[in-house]
Amino acid sequence: MEKNKIKAVIFDLDGVITDSARYHYLAWKKLADKLDIPFDEVYNEKLKGVSRMESLELILKNGNASGNYTESQKIAMAEKKNDYYKELIKQITPADILPGIQEFLEELKAEGIHTALASVSKNAPFILGQLGLEQYFDYIADAAKIPNAKPFPDIFLAGMEAFGLTPEECVGIEDARTGIEAIHRAGMKAVGVGTPSEMEEADLLLDTSELKLETIKEKFLLD
Ligand code: BG6
Ligand code: MG
């Protein structure tokens with residue numbers, strides 16, 4: 001049987017390319033503390049890959065505070081979190097690129113494999129700029145235009161469609177459980193680089209420093 005060719009790698013950003021997942025946590029923590037709502041890093045795992053408003057709903061639900069606020073108060077709270085977050089991500093520099101990521105992007109470029117960014121974060125383009133990695137991505141999904149956030153497959157499918165490819169020709173990389181689910185729902189193979197206990201569904205679990213084209217091709221029987 002002829003092997004499929006790998007033609008695109010579709011990356012999540014937060015927690016894959018840089019550890020901005022940490023900043024999301026710190027910003028939510030600051031908001032939760034101000035509201036006197038319990039919130040910790042264990043619960044934060046549930047928020048990875050989840051949209052801003054859905055994250056807020058989960059935090060409020062976890063603190064038994066869902067019914068305490070009006071919709072407009074919730075919008076204001078999410079904006080506050082985003083202000084805290086934007087303040088934190090200003091300090092991101094190229095030194096914050098996770099180990100192996102730039103080398104892997106260079107390898108993909110040299111091999112003519114497409115690269116797409118599939119982050120539901122509206123701050124993703126800013127972070128990419130801070131890291132100096134814009135030139136490595138052929139396509140950056142616009143989070144504002146994606147109808148359904150992860151675990152729906154929409155954002156990974158947008159990456160695939162931008163290159164006119166099939167799911168078998170694409171591989172997704174994620175650090176979140178919801179993200180791995182989104183990749184699978186898109187019909188693609190998923191490489192997990194997140195906390196191992198959250199990555200049970202990944203088809204291949206690696207550290208970012210282990211991301212190599214050969215490893216992925218071998219595991220997924222791709223050419
Ligand atoms: C995802 C993060 O990439 O983006 C989530 O994993 C975050 O934690 C989501 O809530 C939305 O990001 P933003 O920057 O638009 O609030
Ligand atoms: Mg992520």
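Helix 1 gives the most to the lining of the second largest pocket, with 3 residues. Here helices (H or I, at least four residues) and strands (E, at least two) are DSSP runs, numbered from the N terminus. The structure is a predicted model, in which local features need pLDDT of at least 70 and side-chain atom pairs count only at pLDDT 80 or more, while totals for chains, interfaces and linings use all residues. Residues are numbered from 1 along each chain as its sequence is written, chains are lettered from A and ligands numbered from 1 in the order in which they are written, and side-chain values use heavy atoms, with hydrogens and water left out.

A pocket is found on a 1 Å grid over the protein atoms alone, as an open set of points where a 1.4 Å probe fits, with protein on both sides within 12 Å along at least five of seven lines; lining residues have an atom within 4 Å of a point. Grid points are joined across faces, edges and corners, and a volume is the space filled by probe spheres set on the points.

The largest pocket holds about 550 Å³ of space. It is lined by 35 residues, and Val50, Ser51, Arg52, Val120 and Ser121 are the closest to its centre. Helix 1 (20–35), helix 3 (52–62) and helix 4 (71–89) each supply at least two residues of this lining, and the largest share, 6 residues, comes from helix 4.

The table sets out volumes and residue classes. Ala, Val, Leu, Ile, Met, Phe, Trp, Tyr, Cys and Pro count as nonpolar, Asp, Glu, Lys and Arg as charged, and the others, Gly among them, as polar.

| Pocket | Volume | Lining by class |
|---|---|---|
| Largest pocket | about 550 Å³ | 16 nonpolar, 10 polar and 9 charged residues |
| Second largest pocket | about 270 Å³ | 5 nonpolar, 5 polar and 7 charged residues |

**Packed helices**

Two packed helices are described by the angle between their axes and the distance between the axes. Axes are lines fitted to C-alpha atoms, for helices over the stretch in contact, and angles run from 0 to 180 degrees between N-to-C directions.

Helix 3 and helix 4 pack at an angle of about 110 degrees, and their axes are 10 Å apart. The two helices are therefore roughly perpendicular to each other (angles under 35 degrees count as roughly parallel, over 145 as roughly antiparallel, 65 to 115 as roughly perpendicular and the rest as oblique). From helix 3, the contact (heavy atoms within 4.5 Å) involves Arg52, Met53, Leu56, Glu57 and Leu60, and from helix 4 it involves Glu71, Lys74, Ile75, Met77, Ala78 and Asn82. By class, this contact has 6 nonpolar, 1 polar and 4 charged residues.

Helix 5 (residues 101–110) and helix 9 (residues 213–220) pack at an angle of about 75 degrees, with axes 10 Å apart. Helix 5 is therefore roughly perpendicular to helix 9. Phe104, Glu107 and Leu108 in helix 5 meet Leu213, Glu214 and Ile216 in helix 9. This contact has 4 nonpolar, no polar and 2 charged residues.

**Buried helix residues**

Asp154, Ile155, Phe156, Ala158, Gly159 and Met160 of helix 7 (residues 154–162) are buried. Buried means under 20% relative accessible area, exposed over 50%, and partly exposed in between (1.4 Å probe, protein chains only). The buried residues of helix 7 pack against strand 1 (8–11), strand 2 (114–117), strand 3 (139–140), strand 4 (170–174) and helix 8 (177–185). Just after helix 7, Gly164 takes a positive phi of about 65 degrees.

In helix 8, the buried residues are Thr178, Gly179, Ile180, Ala182 and Ile183. They pack against helix 7, strand 4 and strand 5 (189–192). Gly187, which follows helix 8, has a positive phi near 85 degrees.

**Individual residues**

Thr115 lies in strand 2 and is buried, with a relative accessible area of 2%. Leaving aside its neighbours within four places in sequence, Thr115 is in contact with residues including Val9, Leu105, Tyr136 and Phe163.

Asp223 is found in the segment after helix 9 and is partly exposed, with a relative accessible area of 42%. The C-alpha atoms of Asp223 and Asn4 are separated by 6.0 Å, although these residues are 219 residues apart along the chain.
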